[in-house]
Amino acid sequence: MRKRSIFKYKSYSHFDTKKNYKPFINYIKNPKNIEKHGFYPFIHYILRQYKYDNKTKDSKTKSRDINFSSHIDRYIYEYYNDLLNSKYNNYAIRTGINKCVVAYRNNLHKNNIFIARDVFNFIRKGTGYYILVADFTKYFDQICHKYLKSVLSEVLEYDKLPLDWYKVFRSVTKYSFINLDDIKKYRGLSLKELRKSKRIASTNELHELKKYLKINNNGYGIPQGSPISSTLANVNLIHYDKAINDFLTSKKGFYRRYCDDILLAVPPEYKEELLSLFININISIPGLEINPDKIQDFFYKNNSIFDNNGNKKKLKYLGFEFDGKYVKVREKTITSFFLKAYRSLNYVNVISARFKRNAYRRKFFNSFTHLGNQKPKRNKGNFLTYIDQCAKIMAENGIKRQVSRHWDYFSKRLIKYNHK
């Protein structure tokens, strides 16, 4: 099988031109070049995700700071990320944390469906567990540079980072960036116009844009969006993962961490020991802060999930809901699918009414119905393809029933024009 390239061509505009990686391979792989390389500033923007809340019947906004690098810088990050991932995998295998850290790995070959299935199957096989679910508050923004540097050296097996590695490390810790809104304002262009340009700014314009330049002079924080940031986020928690995993495996428990989402399961008699360890280990790692709004705990017994008051609950993990016996895709995910489909359907109806004919039918059917799920394998399919995969991997027929009436719902809302 041909090895997949670690380099990815992307067509976005930046301070350099859109480049294919092949002419730069020798440059990137020469450490002496990286030691002297001048990294462009990141371009920063705020990604806002709107999520519908079934309880409040209202939408919530989640914001994330995204920084994306220039094309040549991205190729450098991709190359060094591949080197680091290999080193991290070896370290994880040696220390026993290989299976418990499941995000941003290139050797596990598992997606969220397989990962969630393994968690639910483990819980099912036990007679009882105390389950703790938590995540960190703004994890990437709080990573301590000094601590990260020490554990990075440990994983790479260096007493001191070589100059090329230090240059890469420095570029994503004391990183510089320019806000996308400032670029749009300076150039007097819309986002659409910027995307069409070969370069987001010429050399002279970049020199002028330096007045908008911002530098992360804090001793903490790495940019989300850099190809190497995700692996650095895993490296930052090597001692955290080992301490928790060693304890849980010694007590016949279970630990999984997907980036900053944590799930721990242990027989109920070890609950207090687990909580004590969990509190102390979070204090011991610089910058870690558990999100108080996201921490939840449950008990599993007799094929059911309970809260501390004995009420039946569902364990939500990686897009799924588990009641102790059955697994379903989260209702929020199903609701989002239908809301997105209805918005698209409304557009189809508006255009159809305007021209008095059936418009955009095929595109809608391919995107939101079982007809798009029946495309040849070379196509990605649609959300229903994902549902089929979930049902098959989880061995849960109830998952398919969550969307089984989609055709009926859409047909009732679709305006039809009969041609004579």
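Me: Which helices each supply at least two residues of the lining of the second largest pocket?
Reply: α3 (71-95) and α11 (229-235) each do that. Helices here are DSSP runs of H or I with at least four residues, strands are runs of E with at least two, and both are numbered from the N terminus. A pocket is found on a 1 Å grid over the protein atoms alone, as an open set of points with protein on both sides within 12 Å along at least five of seven lines; lining residues have an atom within 4 Å of a point.

Me: What kind of model is this, and how are residues numbered?
Reply: It is a predicted model, where local features need pLDDT of at least 70 and side-chain atom pairs count only at pLDDT 80 or more, while totals for chains, interfaces and linings use all residues. Residues are numbered from 1 along each chain as its sequence is written, and side-chain values use heavy atoms, with hydrogens and water left out.

Me: Back to that pocket. What volume does the second largest pocket have?
Reply: About 810 Å³. Of its 28 lining residues, the closest to the centre are I6, K8, N81, N85 and N106. The volume is the space filled by probe spheres set on the grid points, which are joined across faces, edges and corners.

Me: Which helix gives the largest share of that lining, and how do the lining residues divide by class?
Reply: α3 gives the largest share, with five residues. The lining divides into nine nonpolar, eleven polar and eight charged residues. Ala, Val, Leu, Ile, Met, Phe, Trp, Tyr, Cys and Pro count as nonpolar, Asp, Glu, Lys and Arg as charged, and the others, Gly among them, as polar.

Me: How many cavities of 30 Å³ or more are there?
Reply: One. A cavity is a set of grid points where a 1.4 Å probe fits but cannot get out. The largest cavity holds about 30 Å³ of space.

Me: Which residues line the largest cavity?
Reply: L152, W165, V168, F169, V172, I228 and L232. By class that is seven nonpolar, no polar and no charged residues. Helix α7 (residues 163-171) gives the most, with three residues.

Me: V172 is in that lining. Which residues does S226 touch, leaving aside neighbours within four places in sequence?
Reply: F42, N67, Y77 and V172, where contact means heavy atoms within 4.5 Å. S226 sits in the loop between β5 (214-215) and α11.

Me: Is S226 buried or exposed?
Reply: Buried, at 6% relative accessibility. Buried means under 20% relative accessible area, exposed over 50%, and partly exposed in between, with a 1.4 Å probe and protein chains only.

Me: And V151, where does it lie?
Reply: V151 is in helix α6 (residues 145-156) and is buried, with a relative accessible area of 1%. Not counting residues up to four places away in sequence, V151 touches V235, N236, I238 and H239.

Me: Change of topic: α8. Which residues of helix α8 are buried?
Reply: L180, D182 and I183, in a helix that covers residues 180-187. These residues cover an arc of only 160° around the axis, so they are on the same side of α8. The arc is that of the directions from the helix axis to the C-beta atoms. On the other side, D181 and K185 are exposed.

Me: What follows α8?
Reply: G188, with a positive phi near 65°.
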